[in-house]
Each structure stands twice: as structure tokens, then as C-alpha cells.
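Please read each point with the sequence and the model at hand.

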Amino acid sequence: MAKEFDVAVIGAGAAGMMCAATAGQRGKRVVLIDHAEKLAEKIRISGGGRCNFTNINAGPANFLSENPHFAKSALSRFTPQDFLAMVKKHRIGFHEKHKGQLFCDDSAEQIIDMLRNECADGGVQWRMPTKVQVVAQNGAGFILETDEGDIHASAVVVATGGLSIPKIGATDFGYRVAKHFGLKLVDPRPALVPLTFDAAEWAPFVPLAGVSLEVDVETGSLKGRNPTGARFREDLLFTHRGLSGPAILQISSFWQPGTPITINLLPEMDLAQTLIEGKGTLKKQLGNLLSQWMPTRLAEGLLQVHGLDPEARIADMKDDTLRKLGRAVNQWTITPNGSEGYRKAEVTRGGVDTRELSQQSMECKNVPGLYFIGETVDVTGWLGGYNFQWAWASGVAAGLAI
């Protein structure tokens, strides 16, 4: 088997396969290396097995990074429409589900097959499962020490992802390579992840596990990086340990430990105003009224938490009591004690500091020939196909540059 290549791509996930195919189809000798036995497991399990492969609205504003401008170049040069063209070329049926999110009609396996075929068109060679022990500079190129022998390459692309979902093979390999070459890291942490709360504080809400509804959720500013804070309208899900659902996954990427989140459980209604103005006309009991506007279990649970009688008539209640209930529903403020961690996180926030890389090529400024792409880099997308779009765009950027 050949040991000399123009490009060695480490990590055969979304970004790695896209980069390998791009470089291979332009005449480069490419080897794609991965330690896993099963190809692209993160693609396979995404979107409930149907792969939310992009978002038609994806743009720089949908990404978080210490340097929010870094992603602009790659995203502008390989857009959702460009990826869609590839999907259509391979005759993969797709549909828009929600807010620009595109899914396969059939199976995520179709995206994996498509990328595998694109790699085949570029003559990409595979080493899988193969573990890379060491990446070192060797004259003008690099030497990769693997459990299948040494590989020499003029360029190396690290596409090994973050720390999310360790049970399918996530490791810190990319960060170790970055440190070996002296690159700075932005501290990694779980993102797009359910949030947890102190057990005693959460005890009254445990019976609500399984309740879901659309809410507005927000959190404060990120040390000046996002001066207006962040707000999303998405579905919220109560769990035994805390909160989940798209609303919480979205806000978790912005949330800072020790800070509260604020949830509006009835975003279309000012509850206090509605109840106070309706004292003369709304004849129902408080519990029955609330159950018209939110799930019954949630209505009953909230009234119990706040010591209010569900059978009380609002006509007999003080305005101040109704205002307190309104604040509890429209401005429920609660401070998480943490998250469910990497085992439940969809992505990793942080990673290789983008100031170490060229935004046009993804190449290390101080280590020519070494590239970092995809989730290994400090660029994190919102929930809804954005992280795959970054994988495709950064993979293409590096592949073209090489």
C-alpha cells in the first residue's frame, strides 16, 4: 500500500470526507484515516437517522466563535445551495422540516454514501480502522505514525471533531495535535446540550417530565461578545433532571455557568394583563383557565409551586397575586447548575483558536501544510443543520487551498 501522499486527512466524518473528496477530485493523492470501525456515525445518528444536513438560512450570524468574523469566508464560498446541488446530483430526496432545516426523506445513510462516492471519484485511499499515534513535521512535510505503519504527506488536515458523544468515538485527538504544534485553544465545553438544576430546587418540577410547549428562552450577554444576549423561540421539554428540547439546546451554547436563563412559557400572551382585565368576564376557575393556554400538567404544577388554589375564581383574587403569577409564567428565571455534559451534547463549543488559522484556507499560520476543519475549530453553529454546513464549507475551503 502507498505510504506517500499529497494530503493525509485525519477523521472521516462530515468535514474530513468533504475535504478529501474536494482535494482528490482536483488531482491530489489523498489518504483518509479514521480510528473508528463504522464510518461517519455522527452523520448516521443525526436528525433522528435522517440527517439534518444543512439549513437554507445558514450565514455567519448563526455561528458562535471568539472571532465571529472567521467563518464568513468559508461559508460564503460554499453555501447551502452548493451542498444541495451535490444532494440533487446524487438524487437524494429531501424536505424542509422547520425554520430552514433540510432532512433526507429516507435515511442519513444516503449522505454517507454520497460522500463516500465523492471520495471514490477523487481516488481517495482509506485507512480505517487505523489509529494515528503521532503527527510530526518531517522536512517539508509530515510523518504520521499509525498502528498500520508510517504515512508521509505534504499536508495534514485534522478533522477529528470535538468531545461530544464519546460513546461513538469522540476524542481529544485534534486538540492534542494542536497543542503539540503550539497552537492556542479556546476552552472546549459541551454545547447544544440539555441543562440541569439543583436537585432540591428542581424537585417540584420532576413530575412535569415529558411536558413540552413552545416558549421564548433567553440568557444574558457573553462578556461583550454578544451584547444583546441571545433569545430563541422553540419547543421546551421538561425532564427529570432539568430542561431540554430545541429551546434549551439553542440557549445552552450561549449560557455561562452561574448565570440565569429566563423563559416565557406563554410568549403570545401577557398573562397578568389578560387575567386582571378578564376579572369581570372570565368566569372559569384559575386552573381551568391556565389549562386552556398551556398543558394541563404544567398549569397544575405551576399553581402548586406558587401555592395557588387551582379552583380559585380570578374575580376573587388580588391583582398583585395575578401579577406575581404573570411574572412566574412570562418571566420564569432560573439558574442551571450545569448541563448533561458531552454524553448528551450535540457539539463541542471552543477548540482550536481561529486566530491561529487562515480564514480563507483553514491552514495554520505558523505551521504551513497543517489544517484544522469542522468541529475541531472554535466555530459552533446553532441547532438545525448549521454545524453540518460549517463542516462542508470548512472542508471545501481546506480542500481547495490544498
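1. Two residues are said here to be in contact when heavy atoms of theirs lie within 4.5 Å. In this sense Asn-55 touches Pro-80, Lys-99, Gly-100, Gln-101, Gly-384, Gly-385 and Tyr-386, residues up to four places away in sequence being left out. The model under discussion is a predicted one.

2. Asn-55 belongs to strand S3, which covers residues 52-55. Is Asn-55 buried or exposed? The relative accessible area of Asn-55 is 0%, so this residue is buried. The side chain of Asn-55 also reaches the backbone nitrogen of Asn-57, at 2.9 Å.

3. The largest nonpolar core comprises 81 residues. Ile-43, Ile-111, Phe-372 and Trp-392 have the most contacts inside this core. Helix H13, residues 386-401, is the element that gives the most to the core, namely nine residues. Beyond residues up to four places away in sequence, Ile-43 touches several residues, among them Ala-14, Met-17, Cys-51, Ile-111, Leu-115, Phe-388 and Trp-392.

4. In which order do the seven strands of the open sheet follow one another? The order is S17-S16-S13-S14-S15-S12-S18, with antiparallel pairing. The edges are formed by strand S17 (332-334) and strand S18 (338-339), each of which pairs on one side only. Strands of a sheet pair through backbone hydrogen bonds, in either a parallel or an antiparallel manner. Within this sheet, strand S12 (residues 195-196) pairs with S15 over two bridges in the antiparallel sense, and Thr-196 stands opposite Gly-242 in S15.

5. His-240 is placed in the loop between strand S14 (230-238) and strand S15 (242-244). With a relative accessible area of 58%, His-240 is exposed, because the cut-off for that class is over 50%. Apart from neighbours within four places in sequence, His-240 is in contact with Trp-202, Val-206 and Ala-209. The C-alpha atom of His-240 is separated by 39 Å from that of Met-18, and the two residues are 222 residues apart along the chain.

6. Side chains of opposite charge can pair when their charged atoms come close. The structure contains 18 salt bridges. One of them joins the side chains of Lys-42 and Glu-375, at 2.8 Å from N to O. This pair links distant parts of the chain, 333 residues apart: Lys-42 is in helix H2 (residues 41-45), and Glu-375 is in the loop between strand S20 (370-372) and strand S21 (380-381). Lys-42 is partly exposed, at 28% relative accessible area, whereas Glu-375 counts as buried, at 17%.

7. Arg-233 forms a salt bridge with Asp-216, and their closest N and O atoms are 2.7 Å apart. Here too the pair links distant parts of the chain: Arg-233 lies in strand S14 and Asp-216 in strand S13 (residues 212-219), 17 residues apart. Which partner counts as buried? Asp-216 does, since its relative accessibility is 12%, while Arg-233 is partly exposed, with a relative accessible area of 29%.

8. A further salt bridge is formed by Arg-343 with Glu-340, the closest N and O atoms being 2.9 Å apart. Glu-340 has a relative accessibility of 10% and therefore counts as buried.

Methods
Residues are numbered from 1 along each chain as its sequence is written. This is a predicted model: local features need pLDDT of at least 70, side-chain atom pairs count only at pLDDT 80 or more; totals for chains, interfaces and linings use all residues. Side-chain values use heavy atoms; hydrogens and water are left out. Helices (H or I, at least four residues) and strands (E, at least two) are DSSP runs, numbered from the N terminus. Buried means under 20% relative accessible area, exposed over 50%, partly exposed in between (1.4 Å probe, protein chains only). Two strands pair if DSSP finds at least two bridges between them. A nonpolar core is a set of buried Ala, Val, Leu, Ile, Met, Phe, Trp, Tyr and Cys residues joined through side-chain atoms within 4.5 Å. A polar contact is a pair of N or O atoms within 3.5 Å; within protein, one must be able to donate a hydrogen and the other to accept it, and residues adjacent in sequence count only if both atoms are side-chain atoms. A salt bridge is a side-chain nitrogen of Lys or Arg within 4 Å of a carboxyl oxygen of Asp or Glu.
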